Amino acid sequence: ANAIALPPASQSPALGGSATFTVGFNGTPTGYQWLKNGTPIAGATNATYTVNDITSAHAGLYSVIVSYAGGTVTSDPAVLAPTTALKVAG
């Protein structure tokens, strides 16, 4: 079946850090389009999408539309909620 096997996970990275969203798909995908708050993100057309140098402006809901031969399926959204906490090593 063509379905989202692993939806992107919500993340709370530190400001200035990065977050990578990944989607797992059962089937043969023909394309990806990542969305932020329902709006397509230019150039975000891979199975993973990374946000770098995170600011509060990056906060929101991230989902992905996976295309396959029979149509498309959209993942449940993941929440990106930056935290002002300092990154702690280890």
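Q: Where is Ala57 found?
A: Ala57 is found in the loop between strand 6 (48-51) and strand 7 (60-68), where strands (E, at least two residues) are DSSP runs numbered from the N terminus. This is a predicted model, in which local features need pLDDT of at least 70 and side-chain atom pairs count only at pLDDT 80 or more, while totals for chains, interfaces and linings use all residues. Residues are numbered from 1 along each chain as its sequence is written, and side-chain values use heavy atoms, leaving out hydrogens and water.

Q: Why is Ala57 called exposed?
A: Its relative accessibility is 54%, and exposed means over 50% relative accessible area, buried under 20% and partly exposed in between (1.4 Å probe, protein chains only); therefore Ala57 counts as exposed.

Q: Why is Asn37 called partly exposed, whereas Asp53 is called exposed?
A: Asn37 has a relative accessible area of 48% and is therefore partly exposed, whereas Asp53, with 58%, is exposed.

Q: What is the phi of Asp53?
A: Asp53, which is not a glycine, has a positive phi of about 50°. Most residues other than glycine have a negative phi.

Q: Which residues have the most contacts inside the largest nonpolar core?
A: They are Phe21, Trp34, Tyr49, Val51, Tyr62 and Leu80, in a core of 17 residues. Such a core is a set of buried Ala, Val, Leu, Ile, Met, Phe, Trp, Tyr and Cys residues joined through side-chain atoms within 4.5 Å. Strand 7 gives the most to this core, with four residues.
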